[in-house]
Amino acid sequence: MQIDVNGKAFEVEVEPEMPLLWVLRDELGITGPKYGCGIAQCGACTVHVDGFVVRSCQLAVRDLGNRKVTTIEGLGSPEALHAVQAAWIEHQVAQCGYCQSGQIMQAASFLKTNPNPSDEQIDAVMSSNLCRCGTYPRIRSAVKAAAKKLQEG
Amino acid sequence: MGIVGTVTRRTFLIGTAAIAGGVAFGTYLVKRPIENPLLADLKDGEAAITPYIKIDASGITLITPRADKGQGAYSIQARLIAEELDFDPATAVITPGMPGPAYYNSAVLEEGVPFPAYDDSAIAETARQFMSVPAKLMSMQMTGGSSTVPDGHHKMRMAGAVARETLKEAAAQQVGVDRSQLTTEDGHVVLPDGKRIAYTELATTAASIEPITDVQLRPSSEWKHLGKPTQRLDMPAKCTGTEKYGIDLVVDGMVHAAVRANPGVGAGVKSFDASSAEAMRGVQKVIAIKNGVAVIADNTWRAWRAADAIDITWEQGPYPENTDAIFAEIEKVIDQDEFRDHRNRNDGDVDTALTAGDVFEATYKVPYLAHAPMEPMNALVRVTDTECEIWTGTQIPLFVRDHAAAMTGLDKDQVLVYVQPMGGSFGHKLEDTHVLQAVEIAIAMKGTPVKMVWSREEDMTHDYPRPGSIAKGRGTVSNGQVETFDLSVGQSSLMADWFGRLTGLAIPGPDATITTGSWDQPFAIPNYRVTGYRAPTMVPVSSWRSVGASGNGFFHDCLLDELIHKAGADPLAERIRLCMHEDSRKVLEKVGEISGWDGPSMGENRGRGVAFCLSFGVPTAIVTEVTNTEAGITIDKVYTVVDVGEVLDPTNLEAQVFGGVVFGMAHAMNCETTYENYAAQQNNYHAYEGMRLYQTPEFETVALTNAKKIRGIGEPSVPPAAPSLANAIFAATGKRIREMPLNKHIDFV
Ligand code: FES
Ligand code: FES
C-alpha cells in the first residue's frame, strides 16, 4: 500500500493491522514519533493525520487510507522551525526530550484549531501527553508564547 | 582570583596526546605504585589519557563522559570546557566519548567513569555512609567519584585552559612571537597584528609540544558562559525529533528482538511452546534465554506480537508472592535488635524520654516504585568472534563492558560501549541486566546486530524498584517544643542488591541508605534517634531518583511536622529553631520569605505545608499550597529554595528543581508498584498515572549560594516534595496521611 508521510509517498508492504507508529519507525526509519506506552496513555507517538492529532500507536495502517501523515520531522527542522518548536527552544522545555516530539505535535495541532486558548484549555488539551521528567511548567509557558506568536503572524 | 592549576594540586593532571591528524587534551594519568587498581593494565610510569577535547583538521570534539539522561549533563560539561577555551560549544561535536581507538588506553576509561552523571553524587554520598564496604572496592568504583558539576567544575575548565594555552604556544612557535602577546577568541588564536589562526590549524603543532599546564582558571566574575541563563545545546535536536536515542538506532543488517521474561523477577522458565510464534510473519528465530524467551524478527512490532503468542510456564518467583506478604516481612524487622542494621543518630536519651508522659506514635509507609522512564529499556548489540559492540543509554558503561566481556569470553578492550542519549532513567540505567539480556541474544545471533526493545509492560514489570518501606515514629514535646524524635525504618537493602548484581559480591555491613534522609538531617533535638532495620532481600530493589532520601524524606519530615503540631508550634518557626546548620537555616528562612509564610492555615479549605530535606549536600526547603475542593485536592503553588554553592546554569537548575518536585509529587499522589502472584501489577502508565499538566502547580524557585561546596541538583528537590504536600493537605483538611500514595486516603483533582 502507499502512504503519504511529510509530503512524500512511500510504498509499504506490511500487515494491515500494523500500527502506524511501527510503520514509521521500523519500516520507514522515521524515528521522531516515539514509543512510550502503546496504549494511548502517553502521547509520545503523536503525529498529525490530515492535520488532526492521532496517537500513531493506535492507528492501524489500513485505516489511514489516503490521508496525509505529518510527523515532527515534517513540522519543522532545526533550520526552519515551526513556531511551536521555536517557543519550545526559547523556553528551554525539554529535559530528556523523549516525550517532546509528541508534546510539540499535540500543541501545534491544538493551536491551529484554537489559536487563542485559555489557560484551562491549554491545561486540558496538553494533559493527554505524559512527561516523566516533569517539564509541564515550561510546556505551559511555551504553548502560550507560541499562541501569541502565531496570532501576531 | 583564579585558581592555580599545577600538576600536584589535585589527583589528576591535564595533558595532551597526539592523535591521528591532531591533538587530544584530557586527564593524564601516570601509574604509580598502589594507586588506582583499575590502571592495572598500565606498566609503572606508563601514561594514558582520558580526553575531554579533541582537535583535528575537521573541527573540535568535546568528550563529555558523564551520561545525559535528561538533566543537561552534556551541555554543562561542554560549557565548562568552552568557558576557558574561547569558542562556541554549539559548533563542536559533543560525544560521551566511548570508545576511541587511537588515542587512549582502555584502562584509562576507568578513571572516574563507572558512575557517570549526577548519580555519582548519589552514590558517592551513599558510599561515604556505607561504612563496611571494603575500602578497596569502594576506591575502585568511586575513583574521581563525585557528581558531574562538583567534579567537572574544576577538571573540565582546566582541560579548556590547558588546551587554550597550549594552542597559543603552538601559534607562538609557528609565528615566532611570545605566547604572552597572543589572545584567543571564537576558536582562534589572535596574533598581535590582529590576524587569526584557527585552533584546527594548530592541532598538529600543539600535539608535538609540551602542554602548558601552569594555567590560571578565570574567576567567576569573568565568565561568559557559566552562571548565566543559557540554551541547552541538545535543545534544538530534542525539539525537532532529530535527537537519536538508543531506541532510534539502526545499523546495517540489524534484526529486532522482543523478550518475555519471568515476571517473578530473577526466576526462570519451566517450559514454553513457541510453535505459533515461529510461524508468524517476519519471525526468524525463537531463543530460550536465562529468565525467559526472546523472539528475533524483522520489525519491533512483529517481534512483540510473536512474543505475546508464546505460551510460557514460569518457575515460581524468588520472593514472597504478593505485596501484603512482602510488607509483613518488613513489619517483622522493625524495632527487633537482631535485624538492626545501623543507628547513625542517637542524641540525648530517647529511651528514658519515651517512658514518661504523653508519647506520640505513628506508623508511615511508602510503596515500591518503578522508575518507568519514557524510553523503555533497550540495547543494540553485535557480537562477533573478535568484538562485542553495544549501543545503549547507560550510567554504568564500564560495568556493561566488563559484564559483556565475561559473557562473550572476549577481552575487555574488545568490548565497545557506545553510550547513547537517554529518554530518562531515574536510576533504572544504573542497572545493566537488560543490556546483558541483549548481549545474550546477540551471542545466539553471532555476527548479526540485534536491537532489543522492551515493551512498556516488560519494562514496568522487570524493573528493580525503589524499596517499599515502613517507619515507626515516636516522640514527645514539652513547653511548645519538640523534645524527642525517634524513627525506626525497615526495608530491604538496595545497596546489597545493587552491588551484588554489579560485582557479584556480597557486601557485609550496614546499608545507610535505609535511613539516608532521616539520620543525617541538620536538626538539634534533645533526644534524637534514627535506626535502620534490614528486611531480607525480596523483590530485587535499586536506586530511584534521590535513593534512600526518597522514602526517608517523607518519614522524617512528616513525623517532625506531627510533633511540631502536637507542640502547638509553627511548622516553619520550629524547624528554623531546631536547625543547627546555618546554610540549611537560611534556606528555611528564605522559603518562608518568598512564600509569605504566616502559618499553615490559608483560610477555609486552603492550607500550606513546609518540608525540608538535606540530601546530596543540598539543603532544600519546600512550601506547598493546596486547596481542598469538592472534586479533591488541587496543588496550587510550590515554592522551593535550595543551596548549591554556586549556580552554573540557572535555567537548567530551575528545570531540575521543578522537575524533581513534579517527580516527587507525581508518585506521592498516585503511584505504587504492587505484586500479585510474584508479578508487578502496574504494567503501564494507565496504572501509574503520575502528574498531568492540569494538576501541575505554579512554581517559584530560588537558589542560594552560601554553601562552600558546589553541588549537583538532579535529585535534592525530590525528597521534600511528598512531605510538603502531605503537610499541606493536613493544613487544609485536618487529615494526616501517613501512607503513600496519598490517593489511597484522599482524592486529587
Ligand atoms: S505510545 Fe502511543 S500514546 Fe503512548
Ligand atoms: S522531557 Fe523527559 S519525558 Fe518529557
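Predicted model: local features only at pLDDT ≥ 70, side-chain atom pairs only at ≥ 80, totals over all residues.
View 1. Helices (H or I, at least four residues) and strands (E, at least two) are DSSP runs, numbered from the N terminus. Helix H1 of chain A covers residues 20-27, and seven of its eight residues are buried, so the helix is largely enclosed by the rest of the structure. Here, buried means under 20% relative accessible area, exposed over 50%, and partly exposed in between (1.4 Å probe, protein chains only). The buried residues are A:Leu20, A:Leu21, A:Trp22, A:Val23, A:Leu24, A:Arg25 and A:Asp26. In chain A they pack against strands E1 (2-5), E3 (46-49) and E5 (68-70), and in chain B against strand E11 (255-261) and helix H8 (300-308). Contact here means heavy atoms within 4.5 Å. And the opening question? A:Gly29 follows H1(A), and its phi is positive, near 70°.

**View 2. Helices H4 and H6 of chain A.** H4 (residues 100-113) and H6 (residues 136-152) pack at an angle of about 40°, with their axes 11 Å apart. Axes are lines fitted to C-alpha atoms, for helices over the stretch in contact, and angles run from 0 to 180 degrees between N-to-C directions. H4(A) and H6(A) are therefore oblique to each other: angles under 35 degrees count as roughly parallel, over 145 as roughly antiparallel, 65 to 115 as roughly perpendicular and the rest as oblique. On the H4(A) side, look for A:Gln100, A:Gln103, A:Ala107, A:Phe110 and A:Leu111; they meet A:Ile139, A:Val143, A:Ala146, A:Ala147 and A:Leu150 of H6(A).

**View 3. B:Asp68 in its loop.** You can find B:Asp68 between strand E5 (59-63) and helix H1 (73-85) of chain B. With a relative accessible area of 3%, B:Asp68 is buried. Leaving out residues up to four places away in sequence, B:Asp68 touches several others, among them B:Arg232, B:Asp234 and B:Lys238.

**View 4. B:Arg401 in helix H11 of chain B.** This arginine has its place in H11, which spans residues 397-408. B:Arg401 counts as buried, at 4% relative accessibility.

**Notes for all views.** Residues are numbered from 1 along each chain as its sequence is written, and chains are lettered from A and ligands numbered from 1 in the order in which they are written. Local features need pLDDT of at least 70, side-chain atom pairs count only at pLDDT 80 or more, and totals for chains, interfaces and linings use all residues, while side-chain values use heavy atoms, leaving out hydrogens and water.
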